[in-house]
Amino acid sequence: MACHPLRRIAFVAVSAALAFSAHAGQIQIAWDAVPGATGYRVYYGTQSGSYTANVSTSATTATLSGLQDCTTYYLAVKAYNAAGESPSFSNELSGWSRPEVTSATPAVAMQGSQVTVTVNGANFQSGAIVEIDNPRVTLTGVRTVACNQMQFVATLDPPAQNVRAAQVGRWTVSVSNPDDVFGQKSQAFEVSINPARFNINTTDSATQNRLDGKDTIWIARLFGSQDGGASYDPDSDFDGDGWVDGNDLAYLASNLGRCWSGTNWSAASCPANLR
């Protein structure tokens, strides 16, 4: 079969750039197929119009690896077949490698607290946003400190009684640059339970700051209720999962008979006649 002449493959329109890639230090691009082309060559470098490296592929996508962090790369594509390479480049694209999240400090915060969190990683651009996949953790004051560091204030529900708490567990932290390319780290930020919330029976002043059968009865009457239901009580949903269930009852059971020290539940904190 005769090869198509060069003029038939002279232009490649790059249709999507800086798409999701698997690792930091990478840029993935995609483009429209060119009739008659048997392959494509992606040229790239750190100066516009000056390309110092290239990769070849028979597909209409390519991944550039081993790139420097926090560095703008410029990319353009040429098509080729047995007759040679197209004489002109496609339109030029530019961008950074995808962001990488390596850690969050502090990595743990308690329900009802407010903490300043620093996210470490690479390729964070000015205007990047941060997300934690827990809807009861609100992020404010998000800012890019440097290309390897971001900072924000995390406010964890509940701020007061009768508000559903942030669900306990480990949560994913994501950083998205203005071009919508993102990086993330799973289980990077943990919400811990606030044990001060366990004392849910407030009707008897004689048992304040002590977990006893009255607290158990209080939570038992709400057992099985779900957020949105008429009987749901967010103050009895200790772990913030939207249910008053066995997990919440277990928190009470494991501390039954103990008194509040100001930081935790302990038998030593109870008056001598209640030990």
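This passage describes the overall form of one predicted protein chain and then several of its residues.

The structure is a predicted model, in which local features need pLDDT of at least 70 and side-chain atom pairs count only at pLDDT 80 or more, while totals for chains, interfaces and linings use all residues. Residues are numbered from 1 along each chain as its sequence is written, and side-chain values use heavy atoms, with hydrogens and water left out.

The protein chain contains two helices and 18 strands, where helices (H or I, at least four residues) and strands (E, at least two) are DSSP runs numbered from the N terminus. With a radius of gyration of 28 Å, well over the 19 Å that the globule rule gives for 275 residues, the protein chain is more spread out than a compact globule; the radius is taken over C-alpha atoms, and the rule is 2.2 Å times the number of residues to the power 0.38. Along the principal axes, the C-alpha atoms of the protein chain fill a box of roughly 95 × 35 × 25 Å.

Of the 275 residues, 41% count as buried, a class defined by a relative accessible area under 20%, whereas exposed means over 50% and partly exposed lies in between (1.4 Å probe, protein chains only). The accessible surface of the protein chain comes to about 13300 Å², and 49% of this surface belongs to carbon and sulfur atoms; such areas come from the Shrake-Rupley method with a 1.4 Å probe, and for residues only the protein chains shown count as cover. Among contacts (heavy atoms within 4.5 Å) between residues at least 6 apart in sequence, 58% join residues at least 24 apart. The protein chain carries 16 positive and 22 negative side chains, and the centres of the two sets lie 5 Å apart; Lys and Arg count as positive and Asp and Glu as negative, while His and the chain ends are not counted, and the place of a charge is taken as NZ of Lys, CZ of Arg, CG of Asp or CD of Glu.

A cis peptide bond with omega of about 0° joins Thr105 and Pro106, and Pro106 is found in the loop between strand 9 (100-105) and strand 10 (108-110). The peptide bond from Asp157 to Pro158 is also cis, with omega near 10°, and Pro158 is placed in the loop between strand 14 (149-156) and strand 15 (169-176). A positive phi of about 75° is found at Asp180, which is not a glycine; Asp180 belongs to the loop between strand 15 and strand 16 and is exposed, with a relative accessible area of 63%.

Cys70, another residue other than glycine, has a positive phi near 55°. This residue is found in the loop between strand 5 (61-64) and strand 6 (73-81), and at 26% relative accessibility Cys70 counts as partly exposed. The backbone nitrogen of Cys70 lies 2.6 Å from a polar atom of the side chain of Asn123, a residue that counts as buried at 0% relative accessibility and lies in the loop between strand 11 and strand 12.

Ser126 is likewise placed in the loop between strand 11 (114-122) and strand 12 (129-132), but Ser126 counts as exposed, at 67% relative accessibility. When residues up to four places away in sequence are not counted, Ser126 touches Thr144 and Pro178. Although Ser126 and Pro178 are 52 residues apart along the chain, their C-alpha atoms are separated by 8.0 Å.

Asp212 is located in the loop between strand 16 (182-192) and helix 1 (213-220), and Asp212 is buried, with a relative accessible area of 10%. The side chain of Asp212 reaches the backbone nitrogen of Lys214 at 3.1 Å, and Asp212 touches Thr207 and Leu256, residues up to four places away in sequence not being counted.

Arg258 is placed in the loop between helix 2 (246-253) and strand 17 (259-260) and is partly exposed, with a relative accessible area of 33%. Among the residues that Arg258 touches, not counting those up to four places away in sequence, are Asn209, Arg210, Leu211 and Trp265. The C-alpha atoms of Arg258 and Phe89, which are 169 residues apart along the chain, are separated by 74 Å.

Key:
A polar contact is a pair of N or O atoms within 3.5 Å; within protein, one must be able to donate a hydrogen and the other to accept it, and residues adjacent in sequence count only if both atoms are side-chain atoms.
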